[in-house]
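Please look over the sequence and the model shown here before reading on. The report that comes after it is meant to be read with both in view.

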Amino acid sequence: MGKERSILGRRNPQHALCDVPVWAQGLIAALDTFHVHMGAFWSRVSQDADLAAMYHARQGRPSIPPSLLSGVLILQYVDDLSDREAADRVRFDLRWKLALGLPLDDGGFDFSTLSRFRSRLSAHGAERYAFDKLLQLAIAAGFLRPDGEHVIDSTPMHGAAALQDTYTLVRNGLRKLLLAMGADDPARRRLAKRLKLSQYLPNRKPELDWGDPVARQAHLQELVAAAERLLREARAARLPEGSEAQGAQALLEQILAQDITDDDGQPTIRRGVATDRVISTVDPEMRHGRKSASTRFDGYKGHIAADPESELITEVTVTPANTYDGEAEETLLDAQQAHHGLQPRAVVGDQAVVDAQRRHLLATRGIEAVGKVTPHRPEGRYAKADFAVDVAAGRVTCPAGHTVRESRAKVDGAGATWRVFTFPREVCAGCPRRAPCTTATRTGRTISLHPDEALLQEALARQQSPGFRKRYHRARATVERIISHLTRHGLRQGRYVGRAKTLFQALWVAAAVNLQRLMGLICARDGAKALGMGTWRGRKAPPVAPRGIRIVTLGS
């Protein structure tokens, strides 16, 4: 979205006879506090000058004020509406007019304005505008401490694109590369005719008896042969680095590698699911993911960090659905420190967030890891936790009192080195506790120590303390409540194609949730009138932010 299209439009600060507060604020306030409070608060949060860099200084028609459009996006995610529905609300809904500070006779705008505004925000690196603005106010008002305790969790985000089978993936990948290689329509047609690929130019499925396995196999063979002809042409053409055509070539190559195998010279569909499998040519960044062993989803994962005291979301990121939950932790910590100087003293999370690798990462940053360590307990036998492990001295003592000091190194698949302690066979053979300890016949019981065993032992000891359970479950309950709130505002279902746009959605849904929570905190501490007076700026927070207010106080 170029600057030459428009200049910055600004709100008119003058009040008019048709202003909604003059006529309808009392009627709305009787049923709905959120829109009333937003009407007093948002104009003090978002200023047109904040986004002036997105517009040309002198040329073009005046834009719709960006502070107004930012408020519309917030309300759109609060109510989980499409662009067309949001534009209708701006034109007809008194609650929205009050929240946005619009007069009764405001005619609104075309719904396509919202799509263009999102594109403009993304093009100028302002995707985080509302999210960052609200967090800055929360920190300035004292509701969010830079060194507070944070809790991290994730939730599925179903992709906006449809899941595609192997036949559709190959056919669409072929067509995508064919279109990208032709500079214009005549060039595409000449290329398709020369390679005998003209049937793939139209975007339609073939007429095929899909219930006939022989017909399916013949069609697959035809698809793979056509894709390989086009790929040979693409490799010979040496497509420009970073071009759309080169990306389409890489996509088609990945599809063939992940889904097709050779069976006696005949292409067949590979059994099982390949690692990092592409599942859609419309959104190649989508992946298969699992919430549990029995629950699969397709798309992305939304990861959030939140402050359990204020219940404000401090950072958001989005990853493909097959990403391990703990891998997003460092991204969240780095982003919130870079944008807001937040360096938590402790991080609370489940076992994926505070596993051994993440505990080591947090320890190097001076952050306490708060989470459960579940010791492996072989069925009917002693667990490692039943042994006295002295990591510093390098010895392990079994429940019967026998000690072993000799160990050997073992390197796992990730390249980490474990220390393996094996009790002598003769010691275990005559031990009265052998039955509940080991079934080994050639050696005695074996105990393996993780490379970060000291951190795990420390965590096991800490979670036995009286206050751990209350601290852990309080933070986990808070983040589950926040995720539930995000889900009610549409986070669970992706609206857009691609990870970058899905992250845009996550940031603005999080901003909508934070807006409701921040207004609730201000009202509880300073009174509702403070929302319109700006007296919340720079106030010192009480030792503990008020917890009597639920997130949904102003949004339900």
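Predicted model: local features only at pLDDT ≥ 70, side-chain atom pairs only at ≥ 80, totals over all residues.

Three strands are arranged as an open sheet in the order β11-β12-β13, and their pairing is antiparallel. The edges are formed by β11, covering residues 388–390, and β13, covering residues 403–404, each of which pairs on one side only. Strand β12, made of residues 395–397, is joined to β13 by 2 bridges, and the two strands run antiparallel. Within this part of the sheet, Val 396 is the residue that stands opposite Val 404 of β13. In general, the strands of a sheet pair through hydrogen bonds of the backbone, in either a parallel or an antiparallel manner.

**Aromatic pairs**

The model contains 4 aromatic pairs, among them one formed by Tyr 167 and Trp 210 and one formed by Phe 468 and Tyr 472. The values for these two pairs are set out below.

| Pair | Distance between ring centres | Angle between planes | Class |
|---|---|---|---|
| Tyr 167 and Trp 210 | 5.2 Å | 70° | edge-to-face |
| Phe 468 and Tyr 472 | 5.8 Å | 10° | stacked |

The planes of Tyr 167 and Trp 210 stand at 70°, and this pair is therefore edge-to-face, since the class calls for an angle over 60 degrees. Tyr 167 counts as buried at 11% relative accessibility, whereas Trp 210, with a relative accessible area of 34%, is partly exposed.

The rings of Phe 468 and Tyr 472 have their planes at 10°, so they make a stacked pair. Both residues lie in helix α17, which spans residues 466–488, and they are 4 residues apart, or about one turn of the helix. Phe 468 is buried, having a relative accessible area of 7%, and Tyr 472 likewise counts as buried at 8% relative accessibility.

**Charges over rings**

Contacts between a charged side chain and a ring can also be picked out. Arg 91 lies over the face of Phe 92, at 5.9 Å from the centre of the ring. At another site, the charged end of Lys 410 sits over the ring of Trp 418, 5.8 Å from the centre of that ring.

**The cavity**

How many cavities of 30 Å³ or more does the structure hold? There is 1 such cavity, and the largest cavity has a volume of about 90 Å³. Its lining is made up of 15 residues, of which Cys 398, Ala 400, Cys 428, Cys 431 and Cys 437 are the closest to the centre. By class, the lining of the largest cavity divides into 10 nonpolar, 2 polar and 3 charged residues.

**The second largest pocket**

The second largest pocket has a volume of about 470 Å³. It is lined by 24 residues, and those that lie nearest its centre are Thr 374, Pro 375, His 376, Lys 384 and Leu 456. Two or more residues of this lining come from each of the elements α14 (356–364), β16 (446–449) and α16 (453–462). Of these, α16 gives the most to the lining, with 4 residues. The lining of the second largest pocket comprises 11 nonpolar, 7 polar and 6 charged residues.

Definitions and conventions
Residues numbered from 1 in each chain as written. Heavy atoms only, no water. Pairing = 2+ DSSP bridges. 1 Å grid on protein atoms, 1.4 Å probe; cavity = no way out; pocket = protein on both sides within 12 Å on 5 of 7 lines; lining within 4 Å. Points joined across faces, edges and corners; volume = space filled by probe spheres on them. Nonpolar A, V, L, I, M, F, W, Y, C, P; charged D, E, K, R; others polar. Phe/Tyr/Trp six-rings, centres within 6.5 Å; stacked < 30°, edge-to-face > 60°. Buried < 20%, exposed > 50% of the residue type's maximum accessible area, 1.4 Å probe, protein only. Lys NZ or Arg CZ within 6 Å of the ring centre and 35° of its normal.
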